[in-house]
Amino acid sequence: MSRTRRAIRLVAGNLAVLLLIVMVLSLVAAIAMEVQFVFRKAFFETDDRVLLPNYTDKEKAKTILDEFRDLRTEYRPYVVWSRMPYQGQETTVNAEGDRIHGETSENPRGVVRFFGGSSTWGSGVDDEGTLPARFNALYPEYKVHNHGESGFFSRSELARLVNLANQGEPMDLVIFYDGGNDTGSLCRTDVSINGSTRAGKIRRRVHPTSELSNTLFGALLEVVNGKFVRKHVLNTQEAGWRCDENPEYTEKIAETMVNNWRIANAVAEVAGAEFIAILQPLADIGTPRIDHLEMERPSSPGANQRVYDHVRRIVTEDPSIDWFHDFSRAYDGDEFIFIDGIHATENGHDIMAARIQEIADPILRPKTAGADSASATP
């Protein structure tokens, strides 16, 4: 009997010690999650993209890329996530979660709103080097908003547009700048066609498998599920890529993107605005310069190319679509523009802003001309 009791005590003691160790680890994980942004610069070297020939001012580039790592996000209804306010040397995010650039007019004659992912937001450039900022430089008489957000694709942007339209926010021109994130997100096996890359994390937080384990070990589980631990410690493989195993799925992605644009066009019309959808350039499409990225030009069409081809076919077969513009080859040439597979530096944004100006002029310049005539009338 005494041996049985000693065995029970031994097992209970070991379990108690194990539980204590796990709880301490969970506490440490919670502290790490709380202070990760404070100590990030101390433990991680700067982004090596600063060495690319795109950047002549290396110190400024280092600041831009370092500040990007400092940014945090928070939950926002319907759009799911958005940047928290931030004020750095080269990066500014306002209370609405939008990146901002300098005002160009005290009394703007109209409002232009850009929607897109991190390419629109401006990863790799300062506030004045973003695509919306460079476009605003061409139309200083307008107020230009940058509603781009890292990881957003056409469905996320649609939700953001609805949030603005149902509150009666002014808009004269709505521009969706898409392509890369729709493929990059929806080809993943862990993302549904109307899902998002953060659905899994939100699901764990809102409806954990066990409330008890979440209470005791929730922080530890989040750290284990984090990108750094999965990649560098556990060597966990990233989510699968369904577009290679199922090439036909790219057609579904293309149809969904075009349908999101159709709905966005209708919402913009309700809000009194014109709508433009742009197919963005990517490093693996066309003939942009990519030798500085140590990338090879694909020998056969990949997922991005297949999605883009499907999009072109869909819009060609629908005569009612007069708001689509294919600028996917805008960065072809010998200039250093891309800093990775999707993001561009300011020189690329100048090229794109000029291309958009060609189609925006008939929409925005007549309004300006009319305003000028009215102001000149005695």
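A: Happy to! Let's begin with a pair of charged side chains: Arg 49 and Asp 47 meet in a salt bridge, with 2.8 Å from N to O. Bear in mind that this is a predicted model. Arg 49 and Asp 47 are both buried. They also belong to a network of salt bridges that links Asp 47, Arg 49 and Asp 340. As a general point, side chains of opposite charge can pair when their charged atoms come close.

Asp 66 and Arg 69 both lie in helix α2 (residues 58-70), 3 residues apart, which is about one turn of the helix. Their closest N and O atoms are 3.5 Å apart, forming a salt bridge. Asp 66 has a relative accessible area of 9%, so it counts as buried, being under the 20% cut-off. Arg 69 is buried too, at 18%.

A third pair reaches across the chain. Arg 83 forms a salt bridge with Glu 149, and their closest N and O atoms are 3.1 Å apart. This pair links distant parts of the chain: Arg 83 is in strand β2 (residues 80-83), while Glu 149 is in the loop between β6 (143-146) and α5, 66 residues apart. Both Arg 83 and Glu 149 are buried. The salt bridges come to 24 by count.

Now for the strands. Strand β8 (residues 274-279) has 5 of its 6 residues buried, so it is largely enclosed by the rest of the structure. Strand β7 (residues 173-178) pairs with β8 in the parallel sense over 6 bridges, and Asp 178 has Leu 279 in β8 as its bridge partner. β8 also pairs with strand β9 (residues 324-326), again in the parallel sense, over 3 bridges. There, Ala 277 stands opposite Phe 324 in β9. Between β8 and β9 the chain passes through helix α12 (residues 303-317), and this β-α-β crossover is right-handed.

The largest one holds 38 residues, of which Val 174, Trp 261, Phe 275 and Val 311 touch the most other members. Two or more residues come from each of α5 (154-165), β7, α11 (249-270), β8 and α12. Helix α11 gives the largest share, 9 residues. In soluble globular proteins, nonpolar side chains tend to be buried together.

Finally, a look at the outside: Val 11, Leu 15 and Leu 18 form a nonpolar patch on the surface, with about 290 Å² of accessible area together. Val 11 is found in helix α1 (residues 2-43).

How values were computed: Residues are numbered from 1 along each chain as its sequence is written. This is a predicted model: local features need pLDDT of at least 70, side-chain atom pairs count only at pLDDT 80 or more; totals for chains, interfaces and linings use all residues. Side-chain values use heavy atoms; hydrogens and water are left out. Buried means under 20% relative accessible area, exposed over 50%, partly exposed in between (1.4 Å probe, protein chains only). Helices (H or I, at least four residues) and strands (E, at least two) are DSSP runs, numbered from the N terminus. Two strands pair if DSSP finds at least two bridges between them. A crossover is right-handed if, with the strands pointing away from the viewer, the path from the first strand over the helix to the second runs clockwise. Patches are made of residues with over 30% relative accessible area and no salt bridge: like charges are joined within 9 Å, nonpolar side chains (Val, Leu, Ile, Met, Phe, Trp, Tyr) within 5 Å. Accessible areas come from the Shrake-Rupley method with a 1.4 Å probe; for residues, only the protein chains shown count as cover. A salt bridge is a side-chain nitrogen of Lys or Arg within 4 Å of a carboxyl oxygen of Asp or Glu. A nonpolar core is a set of buried Ala, Val, Leu, Ile, Met, Phe, Trp, Tyr and Cys residues joined through side-chain atoms within 4.5 Å.
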